[in-house]
Amino acid sequence: MFITFEGIDHCGKSTQVKLLENYFINEKGLDVINIREPGGTGISEKIRTILLDKKISDMKIETEILLFSASRAQLVREVIKPGLEQGKVVISDRFHDSTTAYQGYGRGIPLEYINTINSFAIAGCVPDITFIIDIDLETAEERKKSKNSVPDRMEIAGREFFERVRNGYREIARTHKRFVLIDGKDEIGIIKNRIIEEVKKRF
Ligand code: TYD
């Protein structure tokens, strides 16, 4: 079982990843691999450092997409595929749909390139379910302020960029039945129950 979570920064997906992991471990007694992208292997974590380093101000969008995809290619082959083959549940905080939303809709790289690069990187490892947690930009900005966190290289992109990313996700959500669009403004417990219900329905 391979489950991914998507959405714009501060949508609340990391909280839900943790809650779903607890559900699988404590209530189902399953082995879970919990990863986040970019990252999850030695090589991928090094690539993550480059990607999120806000001292790097001149990264070309072509370099950006190839680095995200290189990180993912390593993660798929080193962690995700072997984990699934051993019957584990794999939950990933972001996966290739982030590339479609951020580099495709956000940065404007043509979707035909995105699809080809994504297929090459994931080698058939398509998630069984992808939860897209949707919030508006105002809510994302309020949460960002209240957390007082230092923005990374991706987060310093302007509001219009994130508006395109959000709309991209909403569009992607309509393209396939593996996507479940969730209202991220609902209460944490309600979102959690909705996610578990959906998982039960599909497995
Ligand atoms: P991270 O700190 O993990 O953010 P979050 O908690 O929101 O997931 O940083 C990852 C950033 O990289 C985030 O802004 C989204 C972006 N990203 C892409 O632009 N393309 C991708 O393919 C991936 C995986 C992430």
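Is His10 buried or exposed? The points below take up this residue and then the rest of the model.

1. His10 is buried, at a relative accessible area of 14%. Buried here stands for under 20% relative accessible area, exposed for over 50%, and partly exposed for the range in between, with a 1.4 Å probe and protein chains only. The residue is found in the loop between strand 1 (2-6) and helix 1 (13-28). Helices (H or I, at least four residues) and strands (E, at least two) are DSSP runs, numbered from the N terminus.

2. On provenance: this is a predicted model, in which local features need pLDDT of at least 70, side-chain atom pairs count only at pLDDT 80 or more, and totals for chains, interfaces and linings use all residues. Residues are numbered from 1 along each chain as its sequence is written, and side-chain values use heavy atoms, with hydrogens and water left out.

3. The ligand is surrounded by 15 residues, of which the closest are Asp9, Lys13, Arg94, Thr99 and Gln103; a residue counts as near if one of its heavy atoms lies within 4 Å. An oxygen atom of the ligand lies 2.6 Å from an N or O atom in the side chain of Thr99. For the side chain of Lys13 the corresponding distance is 2.8 Å, and for that of Arg48 it is 3.2 Å. The protein covers 89% of the 540 Å² of accessible area that the ligand has on its own. Accessible areas come from the Shrake-Rupley method with a 1.4 Å probe; for residues, only the protein chains shown count as cover.

4. The largest nonpolar core has 40 residues, and Phe5, Leu20, Phe24, Tyr102 and Phe131 touch the most other members. Helix 7 (residues 159-172) gives the most to this core, with five residues. Apart from it lies another core, of 11 residues, including Ile35, Val76, Phe95 and Ile122. A nonpolar core is a set of buried Ala, Val, Leu, Ile, Met, Phe, Trp, Tyr and Cys residues joined through side-chain atoms within 4.5 Å.

5. Leu20 is in contact with Ile3, Phe5, Ile91, Ile195, Ile196 and Val199, leaving aside its neighbours within four places in sequence. Contact means heavy atoms within 4.5 Å.

6. Thr4 lies in strand 1 and is buried, with a relative accessible area of 0%. Its side chain and that of Thr130 are joined by a polar contact of 2.8 Å. A polar contact is a pair of N or O atoms within 3.5 Å; within protein, one must be able to donate a hydrogen and the other to accept it, and residues adjacent in sequence count only if both atoms are side-chain atoms. Not counting residues up to four places away in sequence, Thr4 touches Ser92, Phe95, Pro127, Ile129, Thr130 and Phe131.

7. Ile109 is found in the loop between helix 4 (96-106) and helix 5 (111-122), yet is buried at 9% relative accessible area. Beyond its neighbours within four places in sequence, Ile109 is in contact with Ile61, Ile65, Gln103, Gly104 and Ile114.

8. Two further backbone items deserve a check. A cis peptide bond joins Glu37 and Pro38, with omega about -10 degrees; Pro38 lies in the loop between strand 2 (32-36) and helix 2 (42-52). Asn148 has a positive phi of about 55 degrees although it is not a glycine, and lies in the loop between helix 6 (137-147) and helix 7. Asn148 is exposed, with a relative accessible area of 69%.
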